[in-house]
Amino acid sequence: MKLNRATNIHDLRSMAKARLPRMVFDYIDGGAEDEVTLKHSVTRFDDYQLTWRTLRDVSKIDCSTTIMGQKTRLPFFISPTASTRLFHPAKGELAMAGAADTKKVIYACSTLASQPLEAIAEANPGPKWVQLYVWRDKQIVKTFLKRAKAAGFTGCVLTVDMPVAGNRERDPRNHFSIPPTPNLKVASQVLARPRWLWDLMRSPKITPANFTHLRGGNAGQTGGVIGFVNEQFSRSITWDDVSWMRDAWDGGFAIKGISRGEDAERAIEIGANAVWVSNHGGRQLDTAVPVIDLLPEIAEAVAGRADIIADGGVRRGAHVAKLLMRGATGVALGRASLYGLGAGGQRGVEKALSILEDEFRRTMALLGATRLEELDPDLLRAPKA
């Protein structure tokens with residue numbers, strides 16, 4: 001199937017599945033343990049039903065907004081995802097960043113990007129943020145943030161819901177690692193996808209490109225990138241750690257991985273400009289509450305003092321609208337954009353963004369809304385608890 005024949009995100013998922021080795025596709029597609037959170041993050045949207053206002057002039061629709069101080073054409077953007085050269089060996093993050101620039105949306109770069117910050121900034125001169133985890137060595141963080149600032153990144157996203165990696169059972173079954181470690185099972189998967197293998201063979205080794213100078217940063221030791229994470233990231237994260245990171249960055253600052261009102265309040269107290277409600281795409285704690293159900297509690301705690309970003313399970317433009325109606329300021333896309341990347345590189349990501357934009361604009365028109373402020377919560381019928 002050619003990209004121009006994809007009519008929705010599910011089509012792009014099918015195309016990515018056909019192009020990528022099983023272990024790589026499952027790394028995108030899978031979640032923790034029984035994948036209950038992964039499933040419910042998508043299906044829970046169906047339980048929220050819409051009403052609409054009729055006889056409204058919807059000939060002109062404005063989807064623009066401001067998220068964490070950054071003006072953007074659309075209320076959704078590309079979320080940070082690690083090692084994206086695994087899904088598109090030639091360009092990876094450069095393709096994602098280039099697509100975001102073409103579509104004039106925000107691009108958020110992962111700490112574990114497989115391309116250097118400076119190259120990503122060159123591919124996207126537009127709005128962009130950088131993601132952080134808590135490292136054992138504070139100086140590493142300070143140096144990384146200094147580089148990001150010099151390269152033109154305007155926002156910082158601290159992810160706090162990964163003190164340990166979730167139990168993602170598809171990965172060990174597939175003998176998955178980053179970079180792929182040669183063995184018979186991996187070889188059979190890779191040989192079944194010769195185009196992907198050819199791209200991989202012609203491309204540099206996949207590593208945490210911004211930390212190759214550190215122990216394990218060339219991903220050459222046992223465990224690859226995952227081993228590097230276990231070596232370098234701290235499991236003793238506290239709010240004190242968040243405070244000094246906030247002090248080390250003078251731009252917009254978001255805390256990602258919030259699920260409770262009390263933590264949202266604490267985030268604002270230490271100076272966060274945005275509270276990011278997320279269950280890490282269902283890849284960490286299984287049976288976590290779907291984000292759409294969490295938003296009212298977070299919105300009540302935030303009380304307009306910061307932006308609220310939401311992610312998780314977004315496959316339709318109507319999903320974006322529902323998250324906004326429940327209290328989100330902006331919506332982040334993880335798998336939806338990765339399916340596009342796996343299906344067709346930068347053009348595939350652009351296709352994913354175009355599909356969601358078309359669906360979102362159509363949803364607004366059918367709701368009788370011409371501006372985001374008109375996505376009134378009263379238009380949404382929430383399910384009974």
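Let's start with a pair of charged side chains: R19 and D199 meet in a salt bridge, with 3.1 Å from N to O. Keep in mind as we go that this is a predicted model. Where do R19 and D199 lie? R19 belongs to helix α1, residues 9–19, while D199 belongs to helix α9, residues 194–201, so this pair ties together parts that are 180 residues apart in sequence. For anyone new to the idea, side chains of opposite charge can pair when their charged atoms come close.

Are these two partners buried or exposed? R19 has a relative accessibility of 11%, so it counts as buried. D199 comes out at 16%, and therefore counts as buried too. The cut-off behind both calls is under 20% relative accessible area.

D199 has another partner as well: it forms a salt bridge with R202, where the closest N and O atoms are 3.0 Å apart. R202 has a relative accessible area of 55%, so R202 is exposed.

E373 is exposed at 62% relative accessibility, and R371 is partly exposed at 39%. Elsewhere, salt bridges with shared partners join R13, D26, D29, E35 and R170 into one network.

Now for a charged residue without such a partner. Please find R246 in helix α11, which covers residues 239–247. R246 is buried, yet it has no salt bridge. The nearest side chain of opposite charge belongs to D247, and that is 6.7 Å away. A salt bridge would need the nitrogen and the carboxyl oxygen to be within 4 Å.

What does the side chain of R246 reach instead? It reaches two backbone oxygens: that of G251 at 3.2 Å, and that of G271 at 2.8 Å. If we leave aside neighbours within four places in sequence, R246 is in contact with G251, F253, I270, G271, A272 and N273.

Q284 sits between β9, residues 274–277, and α13, residues 291–302. Although this is a loop position, Q284 counts as buried, because its relative accessibility is 12%. Which partners does its side chain have? The side chain of Q284 reaches the backbone nitrogen of G166 at 2.8 Å, and a polar contact of 2.7 Å joins it to the side chain of R168. Beyond its neighbours within four places in sequence, Q284 has contacts that include A32, D161, M162, V164 and N279.

Let's move on to the strands, and to β6 in particular, residues 128–132. How many of the residues of β6 are buried? The answer is 5 of the 5, so this strand is largely enclosed by the rest of the structure. In a regular strand the side chains alternate between the two faces of the sheet. In β6, K128, V130 and L132 are on one side, W129 and Q131 are on the other, and both faces are covered.

Which strands pair with β6? Strand β5, residues 107–109, runs parallel to β6 and is joined to it by 3 bridges, with C109 standing opposite V130. Strand β7, residues 155–159, also pairs with β6 in the parallel sense, over 4 bridges. There, W129 stands opposite G155. From β6 the chain crosses through helix α6, residues 138–151, to β7, and this β-α-β crossover is right-handed. On the β5 side, β5, helix α5 (residues 117–123) and β6 also make a right-handed β-α-β unit.

One last stop: helix α4, residues 93–103. This helix is mostly covered, with 9 of its 11 residues buried. Among them are E93, D101 and K103, along with M96 and G98.

Key:
Residues numbered from 1 in each chain as written. Predicted model: local features only at pLDDT ≥ 70, side-chain atom pairs only at ≥ 80, totals over all residues. Heavy atoms only, no water. Buried < 20%, exposed > 50% of the residue type's maximum accessible area, 1.4 Å probe, protein only. Helix = DSSP H or I, 4+ residues; strand = E, 2+ residues; numbered from the N terminus. Pairing = 2+ DSSP bridges. Right-handed = clockwise from strand over helix to strand, strands pointing away. Lys, Arg positive; Asp, Glu negative; His and termini not counted. Polar contact = N/O pair within 3.5 Å; in protein donor to acceptor, adjacent residues only side chain to side chain. Contact = heavy atoms within 4.5 Å.
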